[in-house]
Amino acid sequence: MMDGSVEDWLPSATIETLRERARLLGEVRRFFHARDVLEVETPVLGHGGSTEVQLDSLSTEATTPGGRERLWLQTSPEFHMKRLLAAGSGPIFQLARAFRDGEIGTRHNIEFTLLEWYRPGWALESLIDETEALIRTLLPGAGPRRLSRYRELFRDTLGVDPFTTALTTLQRLAAERSGAPMEDTDRDGCLDLLMSLVIEPQLGRDGIEVVIDYPPSQAALARHGVDAEGERVAARFEVYADGLELANGYDELIDAAEQAARFAEDSRERARLGRPAVESDRRLVAALAAGMPEGSGVALGIDRLIQLALGRASVAEVMAFTTPRC
């Protein structure tokens, strides 16, 4: 069977690239081992999935001691890793397989590798420093760090305030930029589209760019705070290099009741938008109730970072087999 002029059994990346990938993964492990961060492995299947409105989870049925049950392929190892933190693991990291339905392109694949790590007792600023240090391990030639506020990026690039501009205005802008009807799209959907199409391609062009102070609705698992203008914001950061989003970090939410409430709100919003229902992770809520320590965590798209490190045009060129060839 042929896919165009290329046999579809062949890997997406060359063998030499896969050797380079292995070398870079070794560098990542050395980075954390030198800092006494424990490497862990957690399941790719769970009884709960991600309720985040913008994510599409995959699921399967399996025979368990409780009979036939639906299990969810994890969009991130976060829930299981937080259960380890609550059990007293201390600082941990993982190179994990993750799954998100419908995400295929030069920057995406349905199955991909996430580097995720957690630092109990650390403030967000310390984790930003460590994330930058890790990125520079693989991108030693990256330029200086720049800190940008989410709100200012929208003001400077699009002339709108993401917190206060009317939804109809955001819908109009999103429709103009995407060429698609947006009148039924909610605020976060418009902001996400404008961020990805207009703002993100310009971020990190001269170095490593860190974006902070996101709207609370865009960080379901982060604590909330107040910015310099008195606006309620999420304690979240994202890191960009060469127009690519690489990392997403939080000052982690540890309040079990608040987490359960956010899961419920996500589920209501999914139902309102006609999106498939996803079972929330009750074991995460139980772990938070048992006492997960305060701290910060971050997830980094390792395929994208390796893509940049090796100068490739797409993640497919640094992965053994992408979804179209699996």
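## Reading the model

Because the model is predicted, local features need pLDDT of at least 70 and side-chain atom pairs count only at pLDDT 80 or more, while totals for chains, interfaces and linings use all residues. Residues are numbered from 1 along each chain as its sequence is written, and side-chain values use heavy atoms, with hydrogens and water left out.

Helices (DSSP runs of H or I, at least four residues) and strands (DSSP runs of E, at least two) are numbered from the N terminus. A residue is called buried under 20% relative accessible area, exposed over 50%, and partly exposed in between, using a 1.4 Å probe and protein chains only.

## Salt bridges

Side chains of opposite charge can pair when their charged atoms come close. A salt bridge here is a side-chain nitrogen of Lys or Arg within 4 Å of a carboxyl oxygen of Asp or Glu. How many salt bridges does a search of the whole structure find? The search finds 33.

One of them joins Glu130 and Arg35, with the closest N and O atoms 3.8 Å apart. Glu130 belongs to helix α3 and Arg35 to the loop between α1 and β3, so the pair ties together parts that are 95 residues apart in sequence. Glu130 is buried at 6% relative accessible area, whereas Arg35 is partly exposed at 35%. Another salt bridge links Arg268 to Glu265, at 2.9 Å between the closest N and O atoms. These two residues are three apart in helix α7 (residues 256-272), so about one helical turn separates them.

## A buried charge without a partner

Now look at Glu200, in the loop between α6 (187-199) and β10 (208-214). Glu200 is buried yet has no salt bridge. Counting Lys and Arg as positive and Asp and Glu as negative, with His and the chain ends not counted, the nearest side chain of opposite charge is Arg107, 4.3 Å away. Contact means heavy atoms within 4.5 Å; leaving aside residues up to four places away in sequence, Glu200 touches Arg107, Met195, Tyr240, Gly243 and Glu245.

## Backbone angles and cysteines

Most residues other than glycine have a negative phi. Asp36 has a positive one, near 60°, and sits in the loop between α1 (15-33) and β3 (38-39). Asp242 also has a positive phi, near 55°, in the loop between β12 (232-241) and β13 (244-251). Asp36 is exposed at 67% relative accessibility, while Asp242 is partly exposed at 39%.

The structure holds zero disulfides (pairs of cysteine sulfur atoms within 2.5 Å). Is Cys190 buried or exposed? Cys190 is buried, with a relative accessible area of 0%, and Cys326 is exposed, at 76%.

## A cavity

On a 1 Å grid over the protein atoms alone, a cavity is a set of points where a 1.4 Å probe fits but cannot get out, and lining residues have an atom within 4 Å of a point. Grid points are joined across faces, edges and corners, and a volume is the space filled by probe spheres set on the points.

The whole structure has one cavity of 30 Å³ or more, and about 40 Å³ of space lies in the largest cavity. Its lining includes Leu85, Tyr118, Arg119, Glu252 and Ser296. Strand β8 gives the largest share of that lining, three residues.

Terms used: On a 1 Å grid over the protein atoms alone, a cavity is a set of points where a 1.4 Å probe fits but cannot get out, and a pocket is an open set with protein on both sides within 12 Å along at least five of seven lines; lining residues have an atom within 4 Å of a point.
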